[in-house]
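Welcome! Let us take a short walk through this model together, one stop at a time.

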Amino acid sequence: MAIASLSSLNLAAKSSSLCFRFHISRSKPVIYTSSYAKLIRSLNRNHRIQISVCKAEATTTTSSSLFSFRDLDADDFRHPLDKQNTLLLKAIPGLNEIGKALLGSVSEQVMVLENIGTSVLVSENQLSELHHLMVQSAAALKIEAPDLYVRQSPLPNAYTLAINGKKPFVVVHTSLIELLTRKELQAVLAHELGHLKCDHGVWLTLANILTVGAYTIPGIGGMIAQNLEEQLFRWLRAAELTCDRAALLVVQDPKVVMSVLMKLAGGCPSLADQLNVDAFLEQARSYEKAAASPVGWYIRNAQTRQLSHPLPVLRAREIDEWSRSQDYKTLMKRAISTNPAQNV
């Protein structure tokens, strides 16, 4: 899961920070605001923007061996729909300039302090197992490891903040750690790293700001904003599919990634040992079959149109298919073991 998140129908009131989410689909993503909202409104009232930090539900994983990929580029695993919709966002003129004008450094600092002030910073000397999972995942994906924080919350969630000019960091909620195995937790961390690897936060935040600005245009502003919102949601859903692939590259087991999705859809710690990934995948296939008819196709599109994330069953089906593809097999041939014991 997931960097910047936005309310499905309230973009006129809120723009979002960079919050990558790995969670189940919802038509109105959970928006986290706190006591600093008034300060941010004051800081940005000239731009009529309120910055809110959004949470996202996530999952868990762990790997027994260390490895990395030779010359791994984001486009090596980027989903075709992600590529297509990223190009559409890049075609929108002036996004970078608008972002710099509307997102001030003071507001960014407030966001950083709010998110790290009530969490525990993971390090070699603090929750070292989680630190190892993050460092290992980052090495596999050829990316610098961000800071990792653990935050007390009953909502299973994980998100990434990427603030301009500052080191990005990932936050994982305690309830998510309780829900997932260590292998699944690593899959979540790798998913979040996938967003950073692909620079998803840049386009998400800027497009969100542009959408807010479009609402202020007299007459046609609402129509423009609605069109941008739908385009952005299409991109968001595609970006999640890309990051599921990043998770698979790190854990190298599609059932681990699908297990995360299954638990987010209907799991809890007391039932975790009774869940069946194969049955969940069969459920995904039955959904695809039911949606294949003309009526089913229409219902499916109506169901997902306002979602920021694809349905969990669809994500499971996508990752299952990609794990069987030649593209994935070719990438795995480029995996280099960095475990000294395996290089003897």
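The tour below visits a helix and then a cavity.

This is a predicted model, in which local features need pLDDT of at least 70 and side-chain atom pairs count only at pLDDT 80 or more, while totals for chains, interfaces and linings use all residues. Residues are numbered from 1 along each chain as its sequence is written, and side-chain values use heavy atoms, with hydrogens and water left out.

Start at helix 11, residues 277-290; helices here are DSSP runs of H or I with at least four residues, numbered from the N terminus. The expected span is 1.5 Å times one less than the number of residues.

Which residues of helix 11 are buried? They are Val277, Phe280, Leu281 and Ala284, where buried means under 20% relative accessible area and exposed over 50%, with a 1.4 Å probe and protein chains only. Because these residues cover an arc of only 100° around the axis, they sit on the same side of helix 11; the arc is that of the directions from the helix axis to the C-beta atoms. On the other side, Lys289 and Ala290 are exposed. Helix 10 (254-266) and helix 13 (312-323) are among what covers the buried residues, by contact (heavy atoms within 4.5 Å).

Now move to the second largest cavity, with a volume of about 40 Å³. A cavity is a set of points on a 1 Å grid over the protein atoms alone where a 1.4 Å probe fits but cannot get out, and lining residues have an atom within 4 Å of a point; the volume is the space filled by probe spheres set on the points, which are joined across faces, edges and corners. Helix 13 returns here, giving the most to the lining with 4 residues.

Conventions
Helix = DSSP H or I, 4+ residues; strand = E, 2+ residues; numbered from the N terminus. 1 Å grid on protein atoms, 1.4 Å probe; cavity = no way out; pocket = protein on both sides within 12 Å on 5 of 7 lines; lining within 4 Å.
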